[in-house]
Amino acid sequence: MGAPVLRSAALGMFAITFLATLAGSALAQLRQPATAAPGATPSAPIEQAADAAVPPQQAEKQSPPLQASEKPAVFRIKYVTGDSVYLAAGRNAGLEEGMKLAAVKPPPDGDLSNGLRFRGQEHIAELQVVSVADTSSVCAILSSAGEVRVGLVAFLSVESVQNRRATDNAQESDQYSTTVGFTYGDPLDDEVREVQEKQILQESPVGRVRGRFGFDFGDTQESGGLSSRQLGMLINADMTFIGGTYWNFTGYWRGNLNSSNSQNPGTQPTTLNDLINRTYELVFTYDSPYSPVRIGIGRLYLPWAPSLSTIDGAYFARKLSRKVTAGFFAGSTPNPTSWSYYPDQHIAGAFINYTAGDYDRLRLFTTAGIAITSIQWRVMRQFAFFENSFSWKRYVTFFNSLQADEARVSPLPGGGRNPTGISQSYTSLHFQPFARLSFGLNHNYFRNLPTFDPRLIVTGLLDNYLFQGISGDVRVELPKHITLYTSLGKSSVSSDQKSSLNEGFGVGFANIGKTGLNADAHYSKFNSAFGSGQYESFSLSRSVSESLRVQLSGGKQTFLSSLSSNNNSTFVNAEADWNVGPRYFMETNFGWYNGTTLNYKQWSTVIGYRFGSFRK
């Protein structure tokens with residue numbers, strides 16, 4: 001009896017399994033999409049036959065309703081405040097935190113369908129969703145190229161649409177044992193649309209256009225009754241992705257166009273403000289993620305070797321691979337804070353750079369190149385330069401710059417002769433274990449005396465050159481917006497007869513007593529081969545209102561050196577910047593300088609126009 005019973009049970013199980021397989025195959029065939037006619041979109045699966053075979057009550061329990069159409073990707077802006085935008089859509093439209101959108105003007109035909117994304121309209125702003133409710137959401141303005149106002153429309157970026165589709169597909173796959181049909185349209189059509197969207201985004205990047213420009217009128221009164229007048233210009237630009245391209249125009253420049261002197265027409269003294277103005281940058285750059293070429297024109301640093309200081313000129317670079325870039329550069333060297341500064345000096349060179357990693361993890365940056373400098377078209381230096389940096393997140397940063405000269409005879413009278421060897425190097429290793437604490441070690445070496453303009457010592461722009469040798473520094477950010485920083489070290493060069501102690505201390509205060517007043521004080525004492533001395537300086541600034549800002553600074557320095565006969569000097573400088581109405585500004589400056597060989601009073605006024613985000 002046992003064997004027949006087992007055989008009967010086995011036959012019964014086989015029959016049940018066979019019938020279940022046939023039923024499953026029939027239902028799967030009924031759920032397959034119908035064969036599409038030429039030109040038709042096979043995106044609507046046939047469900048009626050399968051649903052007819054199941055009672056309505058069971059069908060409702062077995063499968064959820066299918067998505068009738070794709071979720072909207074275009075939304076109206078209903079409210080704007082500050083840097084936030086409110087959309088008239090939320091979770092009901094599939095919006096999630098982190099999604100990115102582009103804001104554009106509504107089309108003339110009023111069609112707000114998803115096809116608006118492919119019209120190639122100029123982007124007014126780029127947005128990112130930061131908070132979502134059931135029927136509304138809040139977006140942050142990441143960047144803008146115009147006024148963001150109520151009535152504009154915003155559509156989802158390519159990545160956000162794809163992420164939302166992937167989320168919807170994952171949810172549907174959890175509800176069905178087998179994924180069948182197309183869930184959101186024809187993949188071929190979607191591929192074409194994706195290529196079109198990416199092309200539009202590449203051709204129309206979202207940037208910002210803002211800036212100020214004006215004319216400068218000034219007068220300088222020297223001791224002995226001498227005076228001179230100046231006519232200059234100011235440009236302050238922050239323009240990115242100009243005209244939907246990858247050209248940018250950024251930086252600050254202020255200079256004199258012409259001048260007149262009461263005694264010697266066409267000449268005027270070089271003041272402290274004139275020297276500081278030469279340290280700023282104003283550069284026109286091309287930097288596209290879709291092109292291997294990078295271009296820069298203007299007063300700029302070489303991005304791959306900023307230790308070369310500022311040049312008035314241009315660079316051209318090209319990516320040889322994802323990590324390797326090569327290029328060349330040429331121009332003059334106007335920056336008086338450079339360790340090898342000479343008036344009328346020119347520089348040209350070539351370089352190659354290797355970059356790997358990113359700032360969020362490990363990052364390696366290394367550059368090598370050769371360059372030549374000349375004065376009055378006679379060769380001054382022929383040297384190789386190297387720049388290396390390594391960082392791990394914010395915790396560890398290592399930097400080294402080095403220049404090695406070929407043997408040469410200086411073209412300057414009494415310039416002497418120098419053998420082949422290292423002429424300059426700077427190395428630093430810094431640690432930041434906490435966000436408010438950083439400390440490090442530095443080593444500075446010069447084979448020859450630096451040739452910076454010593455009048456800038458009191459400004460703090462030359463602190464790196466005041467000593468050679470090993471030093472340490474510490475920076476601490478305390479509560480109540482207080483910052484302390486100090487540096488100590490011994491100075492020594494090959495021509496030194498002795499080592500000398502150098503020390504610097506500083507303290508900064510921000511928003512003192514919640515009044516908006518900022519203050520900074522600095523003291524430094526140095527003793528080295530090229531000179532000895534000390535300086536004290538201070539700075540006070542406050543934004544009186546959204547349209548008015550004032551600043552007062554001053555300092556005193558003592559500098560005993562063969563490089564300068566101006567051994568003692570004191571300066572005070574006052575500045576006010578006022579936005580007049582929605583489109584104009586006025587800036588005024590008064591400076592007083594009293595030194596051993598140079599004494600003057602200087603005032604200047606700038607009247608100009610502002611646009612973009614500078615409007616109030």
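Mentor: Begin with the contacts of one residue. Apart from neighbours within four places in sequence, Ser-471 is in contact with Gly-440, Leu-441, Asn-442, Leu-488 and Gly-489. Keep in mind that this is a predicted model.

Trainee: Which strand holds Ser-471? And is Ser-471 buried or exposed?

Mentor: Ser-471 sits in strand E22, residues 469–478. Ser-471 counts as buried because its relative accessibility is 4%, and buried means under 20%.

Trainee: How do I read the two faces of a strand? Take E2 as the case, where side chains alternate.

Mentor: Follow the side chains along the strand and note which face each one points to. In E2, Val-85 and Leu-87 point to one face and are buried.

Trainee: Which strands pair with E2, and in what sense?

Mentor: Strand E1 (residues 74–81) pairs with E2 in the antiparallel sense, over four bridges. Thr-81 stands opposite Ser-84 of E2. The hairpin of E1 and E2 has two residues between the strands, and Gly-82 there takes a positive phi near 60°. E2 and E5 also run antiparallel, joined by four bridges. On that side, Val-85 has Cys-139 in E5 as its bridge partner.

Trainee: Now salt bridges. What is the general idea, and how many are there by this rule?

Mentor: Side chains of opposite charge can pair when their charged atoms come close. The cut-off is a side-chain nitrogen of Lys or Arg within 4 Å of a carboxyl oxygen of Asp or Glu. By this rule the count is eleven. One of them joins Arg-91 to Asp-134, with the closest N and O atoms 3.1 Å apart. This pair links distant parts of the chain, 43 residues apart: Arg-91 is in the loop between strand E2 (84–87) and strand E3 (100–104), and Asp-134 is in the loop between strand E4 (125–132) and strand E5 (137–144). Asp-134 is exposed, with a relative accessible area of 52%.

Trainee: Last, the surface. Which residues form the nonpolar patch?

Mentor: The patch is made of Tyr-354, Leu-362, Leu-364, Phe-390, Trp-392, Phe-398, Leu-429, Phe-431, Phe-439 and Val-474, with about 800 Å² of accessible area together. At least two of its residues come from each of strand E15 (362–375), strand E16 (378–392) and strand E20 (421–434).

Trainee: Where does Phe-398 lie, and why does Phe-398 count as partly exposed?

Mentor: Phe-398 lies in strand E17, residues 396–405. Phe-398 counts as partly exposed because its relative accessibility is 32%.

Methods
Residues are numbered from 1 along each chain as its sequence is written. This is a predicted model: local features need pLDDT of at least 70, side-chain atom pairs count only at pLDDT 80 or more; totals for chains, interfaces and linings use all residues. Side-chain values use heavy atoms; hydrogens and water are left out. Patches are made of residues with over 30% relative accessible area and no salt bridge: like charges are joined within 9 Å, nonpolar side chains (Val, Leu, Ile, Met, Phe, Trp, Tyr) within 5 Å. Accessible areas come from the Shrake-Rupley method with a 1.4 Å probe; for residues, only the protein chains shown count as cover. Buried means under 20% relative accessible area, exposed over 50%, partly exposed in between (1.4 Å probe, protein chains only). Contact means heavy atoms within 4.5 Å. Two strands pair if DSSP finds at least two bridges between them.
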